[in-house]
Amino acid sequence: MSARLQDQTSAPALRKVISAAAMGNFVEWFDFAVYGFLATIIASQFFPSESVSLGLLKTFGVFAVAFAMRPLGGIFFGVLGDRLGRKGVLSLTILLMAGATTLIGLLPVHASWGIAAPILLTFLRCLQGFSAGGEYAGSIAYVMEHAPNDRRGWYGSFIPVSTFLAFASAALLVFALESSLTAEAMTAWGWRVPFLLAAPLGLVGLYLRWRMEETPAFKAMAADDNVHAHSPLRETLKSQSQSMLRLGTFISLTALSFYMFTTYFSTYLQVEGGFTRPRALLVTMIALIFAALFCPVAGRISDRIGRRNTIRFVCAWLFVMVVPAYLLASSGALWKAIPGVLLLATGALTANVVTATLLSETFPTRTRYTASAFTYNVSYTLFGGTAPLMATWLIDTTGNNLAPALYLMVIAVLAGLGGLALRETSRISLMDDAALLPDAGLSLYSAQQAAR
């Protein structure tokens, strides 16, 4: 395959590619984020309990169960994406997510349907998780397979931008509802509004996705008679297992830091910092907007210094800054909580940007969607989906409100060991599978750095 084909995508075409992928990704994660920001209300409506902690544990338990479906979704949509192409699969994921989210907004609560209500909630959350399993890695692959080799960090960063904006928009909407409605109205019907918005947003995302073109890398692979159209699942898991394990270890930190500050931190500010729900959402929303704005900066830096140096920075930053972040957040003062969450957001956004590039740069075209989706979703299931649950349980068990910070520090060390075992993949061609052999990326990057 010709590596030069990848650089022929024009700037206007790249903007269209990013818009379609990012908008669809925005819709997916807006739908997924709403549940986390409404956790305390959902706990009272679906898991009534005299203990606030017990209700939250049940609510976040459903949050975690949904993540268990993500690896299955990653395999299902990954195999389809490697076999049939990226475009059709990405249209299917957004349709499934929007439908499940809309139904949550229509679901009767425990007082009306009893035990059936939380059971149906869990089922719909599982559908959301199944859909999300095929979304992020597919969106990343779609953008990366269009982007020029030396700017993948920059172009790929706009997918994390859309993710952070989705969470920020969800937080803003919930904040606006909390501020404008009485507590009784919010509990009675206000919480349903963000879920019901999934229907129109999903239709917009589906329209944009349906108009997308297939990627140059997939077209070239499909047209090459010398290679199979895709790699069977068993072969993918066998041939890519070492790379998947190393990358998955690093993504564990990406997942944990992401859900610590996007989903759990709002709850932490309320329970440990004494914040009202609107004030807690305001702090989280500021951090999410900050993350969205600085993702492209992190992408440019990653293109400049390479992926391994970015991994070093992420692990060191989160290890050092997470305890100060939690101390500031638990102070109860708004002017301390904001810089505290920004410390955590800096590490999380950088981790997300470098993860976005590594998902596509680590694997060849014929296994890229399957291997990256499975790796990403297993890590997010084990460390992202359980982040709010683990944080709540650790505090409840130990009585130490810094326990979640210490947990993240341990994961940062393990992530550094796994991430730095990966080869340097900056500037390799995604059109040339030979460049994805174990030493190829490092050799190319070293040669280019020496020539600069």
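Tutor: Start with a handedness: H15 passes H21 in a left-handed crossing. Bear in mind that the model is predicted.

Student: What makes H15 roughly antiparallel to H21?
Tutor: The axes of H15 and H21 come within 7 Å and cross at roughly 150 degrees. Angles over 145 degrees count as roughly antiparallel, and that makes H15 roughly antiparallel to H21.

Student: How do you know that H17 and H18 are roughly antiparallel or roughly parallel to each other?
Tutor: Helix H17 (residues 307–329) packs against helix H18 (residues 334–361) at about 155 degrees, and their axes are 8 Å apart. With the limit at over 145 degrees, H17 and H18 are therefore roughly antiparallel. The contact of H17 with H18 has 20 nonpolar, 6 polar and 3 charged residues. The crossing of H17 and H18 is left-handed.

Student: Why is H5 called roughly parallel to H19?
Tutor: Helix H5 (residues 86–105) and helix H19 (residues 365–384) have axes that come within 13 Å and cross at roughly 15 degrees. Angles under 35 degrees count as roughly parallel, which makes H5 roughly parallel to H19. The crossing of H5 and H19 is right-handed.

Student: Turning to rings, how many aromatic pairs does the structure hold?
Tutor: The structure holds 21 aromatic pairs.

Student: Why is the pair of Phe167 and Phe258 called edge-to-face?
Tutor: The ring centres of Phe167 and Phe258 are 5.1 Å apart and the planes stand at 85 degrees. Rings pair if their centres lie within 6.5 Å, and planes over 60 degrees apart count as edge-to-face. The pair of Phe167 and Phe258 is therefore edge-to-face.

Student: Which parts of the chain does that pair link?
Tutor: The pair links distant parts: Phe167 is in helix H9 (residues 158–180) and Phe258 in helix H15 (residues 241–271), 91 residues apart. Phe167 and Phe258 are buried.

Student: What makes the pair of Phe258 and Tyr259 edge-to-face?
Tutor: The centres of the Phe258 and Tyr259 rings are 4.9 Å apart, and their planes are at 80 degrees, so this pair is edge-to-face as well. Tyr259 is buried, as is Phe258.

Student: Which residues form one aromatic cluster?
Tutor: The cluster is formed by Tyr136, Phe164, Phe167, Phe258, Tyr259, Phe261, Tyr376 and Tyr380.

Student: How do you know that a charged end sits over the ring of Trp210?
Tutor: The charged end of Lys87 is 5.6 Å from the centre of the Trp210 ring and sits over that ring. The distance limit is within 6 Å, and the charge must also lie within 35 degrees of the ring normal.

Student: What makes Arg15 buried or exposed?
Tutor: Arg15 has a relative accessible area of 54%, so Arg15 is exposed. Arg15 is found in helix H1 (residues 11–37).

Student: How do you know whether Val354 and Thr267 are buried or exposed?
Tutor: Val354, in helix H18, has 0% relative accessibility and so counts as buried. Thr267, in helix H15, has a relative accessible area of 4% and is therefore buried. Val354 and Ile251 are 103 residues apart in sequence and 9.7 Å apart in space, C-alpha to C-alpha. For Thr267 and Gly347, the C-alpha to C-alpha separation is 20 Å, at 80 residues apart in sequence.

How values were computed
Residues numbered from 1 in each chain as written. Predicted model: local features only at pLDDT ≥ 70, side-chain atom pairs only at ≥ 80, totals over all residues. Heavy atoms only, no water. Axes fitted to C-alpha atoms, helices over the stretch in contact; angles between N-to-C directions. Helix = DSSP H or I, 4+ residues; strand = E, 2+ residues; numbered from the N terminus. Parallel < 35°, antiparallel > 145°, perpendicular 65-115°, else oblique. Left-handed = near helix turned anticlockwise from the far one by under 90°. Nonpolar A, V, L, I, M, F, W, Y, C, P; charged D, E, K, R; others polar. Phe/Tyr/Trp six-rings, centres within 6.5 Å; stacked < 30°, edge-to-face > 60°. Buried < 20%, exposed > 50% of the residue type's maximum accessible area, 1.4 Å probe, protein only.
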